[in-house]
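Have it open while you read.

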Amino acid sequence: MKHLVSFATGVLFAVGLALAGMTQPHKVVGFLDFTGSWDPSLAFVMGGAVVVYAVLMRLVLRRGAPLLGGAFALPTRRDLSPRLLAGSAMFGVGWGMAGFCPGPALTSVGTLGTGPLIFVVAMSAGMLLHDLVFERIALARTATQPSC
């Protein structure tokens with residue numbers, strides 16, 4: 001049941017992105033073009049999402065536990081690490097350059113356009129590279145630490 005709900009939620013998200021036009025890179029680039037023909041529609045989509053999230057999250061957390069069992073997995077860290085800031089900056093630069101972020105890119109793959117396909121392949125390669133690099137760093141740290 002959890003997988004079915006996750007799938008349905010993903011489909012709902014994809015349909016929402018498509019209906020809002022957020023799968024079109026020119027919408028994102030238009031939003032970031034403050035000196036040219038600025039397109040504020042992305043701000044309205046994000047604002048609407050934030051309002052819905054703010055209201056529903058308060059209602060959902062009153063339940064004490066998710067509908068399908070388990071416990072809520074809420075973040076506990078409140079600090080801004082250099083790694084988080086660097087990752088956020090890289091995400092923003094990539095989003096501005098390509099006009100895609102992961103959700104709309106995955107939704108746009110259904111169009112079989114070369115832009116979304118190239119972006120998703122590059123994004124996947126970047127995630128794999130990240131995992132390999134940080135796994136190697138973690139192994140190197142544990143190898144140099146003395147054992148007790």
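1. Ground rules first. This is a predicted model, so to speak of local features pLDDT of at least 70 is needed, side-chain atom pairs count only at pLDDT 80 or more, and totals for chains, interfaces and linings use all residues. Numbering starts from 1 along each chain as its sequence is written, and side-chain values use heavy atoms, with hydrogens and water left out.

2. Helix 2 against helix 3. Residues 25-32 (helix 2) and 41-61 (helix 3) pack at about 100 degrees, with axes 8 Å apart. Helices here are DSSP runs (H or I, at least four residues), numbered from the N terminus. Axes are lines fitted to C-alpha atoms over the stretch in contact, and angles run from 0 to 180 degrees between N-to-C directions. The two helices are therefore roughly perpendicular (65 to 115 degrees counts as that).

3. Who touches whom? On the helix 2 side, Lys-27, Val-28 and Phe-31 meet Ser-41, Leu-42, Ala-43 and Met-46 of helix 3, contact being heavy atoms within 4.5 Å. By class that makes five nonpolar, one polar and one charged residues. Ala, Val, Leu, Ile, Met, Phe, Trp, Tyr, Cys and Pro count as nonpolar, Asp, Glu, Lys and Arg as charged, and the others, Gly among them, as polar.

4. The largest pocket. Its volume is about 910 Å³, and 28 residues line it, with Thr-9, Leu-12, Phe-13, Ala-49 and Val-52 nearest the centre. A pocket is an open set of points on a 1 Å grid over the protein atoms alone, where a 1.4 Å probe fits, with protein on both sides within 12 Å along at least five of seven lines; lining residues have an atom within 4 Å of a point. Volume is the space filled by probe spheres set on the points. Helix 3 gives the largest share of the lining, 10 residues. The lining has 22 nonpolar, five polar and one charged residues.

5. The second largest pocket. This one has about 590 Å³ and 19 lining residues, with Gly-87, Met-90, Phe-91, Gly-126 and Met-127 nearest its centre. Helix 4 gives the most, eight residues.

6. Salt bridges. There are two (Lys or Arg side-chain nitrogen within 4 Å of an Asp or Glu carboxyl oxygen). Lys-27 pairs with Asp-39 at 3.6 Å, N to O. Lys-27 is in helix 2 and Asp-39 in the loop between helix 2 and helix 3, so the pair ties together parts 12 residues apart in sequence. Asp-79 and Arg-77 form a salt bridge at 2.7 Å.

Terms used:
Angles under 35 degrees count as roughly parallel, over 145 as roughly antiparallel, 65 to 115 as roughly perpendicular and the rest as oblique.
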